[in-house]
Amino acid sequence: MVELKEVREALSRIRRYASKTPLVRSSALSEVCGARVSLKAENLQKTGSFKVRGALNFLLSMGEEELRRGVITGSSGNHGQALAYAARAVGSSAVVVVPEDASPAKTEAIEGYGGRVIRFGFTSSERIGKAMEIAEEEGRTFVHPFDDPRIVAGQGTVGLEILEDAPETEMILAPIGGGGLISGIAVAAKGLNPRVKVVGVEPEASNCAYQSLKAGRIVDVGLPRTIADGLRTSKPGELPFSIMSRYLDDVTLVSEEEIEKAVLFLLQRCKLLVEPSGAVTVAALLFGKVRARGKVVAVLSGGNVAKETLLNLLSAQA
C-alpha cells in the first residue's frame with residue numbers, strides 16, 4: 001500500500017523536473033453540469049501527460065549502477081514518453097515496448113526523447129511481458145507503467161497539487177487505465193481530506209477496473225478497442241486494484257461518441273487540446289454520468305492526440 005507520506009516525498013523529489021500544472025476554471029462546463037468545475041491540465045505537463053510524474057519518481061529513487069544499465073517498460077505511449085524523458089534527464093537510457101498499433105505521435109515522441117522503441121503485441125499484458133523478457137536479457141530495470149508503489153506515489157502528486165490549489169474540492173474525477181493515476185490521487189486526496197469523493201472514469205469499451213471492482217477480483221477483459229488508446233488496458237494492476245477497492249467512491253463509464261464529443265468540447269469551448277483518454281472525465285460530466293455538486297475537479301490526463309484522430313473528429317463534425 002502507498003501512504004500520503006510517500007506521495008509527499010515524491011513531490012519533493014520530482015518538482016525540479018516536472019511542472020506544476022494549472023487548475024483551470026471552466027465556466028462552459030460548469031454551466032452544463034451545474035457544478036463549479038475546474039480542469040487539472042496535465043495535458044500541459046512535460047511530455048504531454050501526467051505519466052512523467054511517476055517515471056521521474058521511480059528513476060530518482062534508483063541507484064547509480066541501476067541507472068547506468070538503463071530502464072525498460074511496456075507502454076501504449078504516454079508512459080514510454082515519460083520514461084524516455086526521465087531517463088535522459090537523469091543520465092540514463094530507456095527502451096519502450098509499444099503495441100503494434102501504437103499512435104505514431106507517441107512513438108515519434110519516445111524516440112525524440114532518446115528512447116528506443118520496440119513494437120510487440122496489442123494488449124498491455126503482451127507488451128509488459130515482452131519488456132520483462134528484454135529486461136532480463138539486457139540487465140535493465142523494468143519500470144511497470146502502473147503497478148509499482150513508486151509510480152503510484154508519483155502520480156499521486158496530481159492529487160496533492162489539486163488540494164493545495166483548491167482545498168475546498170469536493171469531488172475529483174480521473175481516468176482509469178491500469179489504475180496508477182487514480183489510486184495515487186485517491187491516496188493523496190483521502191489522506192488530506194477523507195470527505196473528498198474520488199470517481200474513476202473508463203470507456204465502456206475498455207472497462208477492466210469497473211469489471212474488477214464489481215467482481216471483487218482482478219478481471220482480464222482481453223483486447224479493448226477504444227479511441228482512448230491510453231486506456232486500452234486488459235486488467236488493472238494488483239497494487240492499484242487494492243487501493244481503488246479501499247478508496248474509490250465510484251467508477252462510471254462513457255461511450256465512444258461521448259468521448260469524441262468531449263475532445264471537441266475541450267478544444268472549442270475550453271481552448272485545450274486533450275487526447276481522448278484525457279477527455280473521459282469531461283465526457284462523464286457533459287453527459288450526466290456523475291452527480292456533480294459543489295466544487296469538482298476533472299483531471300485531463302494527457303494531450304498527446306494523433307493528428308489523424310483529431311482530423312477525423314473535426315471532419316466528422318463538419
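User: What volume does the second largest cavity have?
Analyst: The model is predicted, so that local features need pLDDT of at least 70 and side-chain atom pairs count only at pLDDT 80 or more, while totals for chains, interfaces and linings use all residues. Residues are numbered from 1 along each chain as its sequence is written, and side-chain values use heavy atoms, with hydrogens and water left out. A cavity is a set of points, on a 1 Å grid over the protein atoms alone, where a 1.4 Å probe fits but cannot get out; points are joined across faces, edges and corners, and the volume is the space filled by probe spheres set on them. For the second largest cavity this volume is about 60 Å³.

User: How many charged residues are in the lining of the second largest cavity?
Analyst: Lining residues have an atom within 4 Å of a point. For this cavity they are Ser76, Pro99, Asp101, Ala102, Ser103, Phe122, Arg127, Asp229 and Arg232. Ala, Val, Leu, Ile, Met, Phe, Trp, Tyr, Cys and Pro count as nonpolar, Asp, Glu, Lys and Arg as charged, and the others, Gly among them, as polar. By class, the lining has three nonpolar residues, two polar ones and, as charged residues, four.

User: What is the volume of the largest cavity?
Analyst: The count of cavities of 30 Å³ or more comes to three. The largest cavity has 28 lining residues, and Phe50, Lys51, Gly177, Gly178 and Gly230 lie nearest its centre. Its lining has nine nonpolar, 15 polar and four charged residues. The space in the largest cavity is about 320 Å³.

User: Between which domains does the largest cavity lie?
Analyst: The domain bounds come from an automatic or database domain assignment, which gives domain 1 (4-48 + 148-316) and domain 2 (52-142). Both domains give residues to the lining of the largest cavity, so the cavity lies between domain 1 and domain 2.

User: Which helix gives the most to the lining of the largest pocket?
Analyst: A pocket is an open set of points with protein on both sides within 12 Å along at least five of seven lines, and the largest pocket holds about 240 Å³ of space. Among its 17 lining residues, Ile227, Asp229, Arg232, Ala306 and Thr309 lie nearest the centre. Helices (H or I, at least four residues) and strands (E, at least two) are DSSP runs numbered from the N terminus, and helix H6 (104-112) and helix H15 (307-317) each supply at least two residues of this lining. With four residues, the helix that gives the most is H15.

User: Which helix supplies the largest share of the lining of the second largest pocket?
Analyst: The second largest pocket has a volume of about 200 Å³. Its lining has four nonpolar, five polar and three charged residues, including Ser124, His144, Lys235 and Glu238. Domain 1 and domain 2 both give residues to this lining, so the pocket lies between them. The largest share, three residues, comes from residues 124-138, helix H7.

User: What area do domain 1 and domain 2 bury between them?
Analyst: The domain centres, taken over C-alpha atoms, are 22 Å apart. In contact (heavy atoms within 4.5 Å) are 35 residues of domain 1 and 26 residues of domain 2. Buried area is the accessible area (1.4 Å probe) that two parts lose on being put together, summed over both. Here 53% of it is on carbon and sulfur atoms, and the area comes to about 2,500 Å².

User: How many salt bridges are counted between domain 1 and domain 2?
Analyst: A salt bridge is a side-chain nitrogen of Lys or Arg within 4 Å of a carboxyl oxygen of Asp or Glu. The side chains of Arg53 and Glu161 meet in one (2.8 Å, N to O). Arg53 also pairs with Glu42, their closest N and O atoms being 2.8 Å apart. Between the two domains, the count of salt bridges is four.
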